[in-house]
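Please look at the sequence and the structure below, and keep them in view while you read.

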Amino acid sequence: MNNMHQVEVVIHVDETLNDDHRASLVSSLQERDGVEKARFTQGRNHLMVIDYDSNKLNTADVLGYVKQENVNAELIGI
């Protein structure tokens with residue numbers, strides 16, 4: 001039985017990241033336990049949408065994962 005409770009959060013990335021850096025960030029986040037999917041919004045390269053299991057993580061954890069990758073970011077919505 002799957003007890004996952006998926007939540008979506010939107011994060012604003014302050015820096016302008018090139019394609020490789022964005023891809024690396026997405027890959028790194030998706031390797032984290034509890035993160036189901038991470039992606040940048042097409043045409044809005046400063047906005048990330050991250051789906052995560054709220055039974056394992058909270059929004060502060062997700063934002064912390066982004067910041068651990070040496071990226072300045074803020075939570076802007078759930």
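Asp19 is exposed, having a relative accessible area of 55%, where exposed means over 50%, buried under 20%, and partly exposed in between, with a 1.4 Å probe and protein chains only. Before going further, note that this is a predicted model, in which local features need pLDDT of at least 70 and side-chain atom pairs count only at pLDDT 80 or more, while totals for chains, interfaces and linings use all residues. Residues are numbered from 1 along each chain as its sequence is written, and side-chain values use heavy atoms, leaving out hydrogens and water.

**Salt bridges**

Side chains of opposite charge can pair when their charged atoms come close. A search of the whole structure finds five salt bridges, a term used here for a side-chain nitrogen of Lys or Arg within 4 Å of a carboxyl oxygen of Asp or Glu. One of them joins Asp19 to Arg22, with the closest N and O atoms 2.2 Å apart. These two residues are separated by about one helical turn, because they stand three residues apart in helix 1 (residues 19-30); helices (H or I, at least four residues) and strands (E, at least two) are DSSP runs, numbered from the N terminus.

Glu69 lies in the loop between helix 2 (59-68) and strand 4 (73-77), whereas Arg32 lies in the loop between helix 1 and strand 2 (35-41), so the pair ties together parts that are 37 residues apart in sequence.

Between Arg39 and Asp51, the side chains meet in a salt bridge of 3.3 Å, N to O. Arg39 belongs to strand 2 and Asp51 to strand 3 (residues 44-53), so this pair ties together parts that are 12 residues apart in sequence. Salt bridges that share partners join Glu8, Arg39 and Asp51 into one network.

The table gives the accessibility of the residues in the last two pairs.

| Residue | Relative accessibility | Class |
|---|---|---|
| Glu69 | 26% | partly exposed |
| Arg32 | 24% | partly exposed |
| Arg39 | 26% | partly exposed |
| Asp51 | 7% | buried |

**Strands 2 and 3**

How many bridges join strand 2 to strand 3? There are six, and the two strands run antiparallel; strands are said to pair if DSSP finds at least two bridges between them. Within this pairing, the bridge partner of Arg39 in strand 3 is Val49. The hairpin of strand 2 and strand 3 has two residues between the strands, and there Gly43 takes a positive phi near 85°.

**The whole chain**

The protein chain contains two helices and four strands, which follow the pattern β-α-β-β-α-β along the sequence. Its radius of gyration is 12 Å, close to the 12 Å that the globule rule gives for 78 residues, so the chain is as compact as a globular protein of that length; the radius is taken over C-alpha atoms, and the rule is 2.2 Å times the number of residues to the power 0.38. Buried residues make up 36% of the 78 residues. Of the contacts (heavy atoms within 4.5 Å) with a separation of 6 or more, 59% are between residues 24 or more positions apart.
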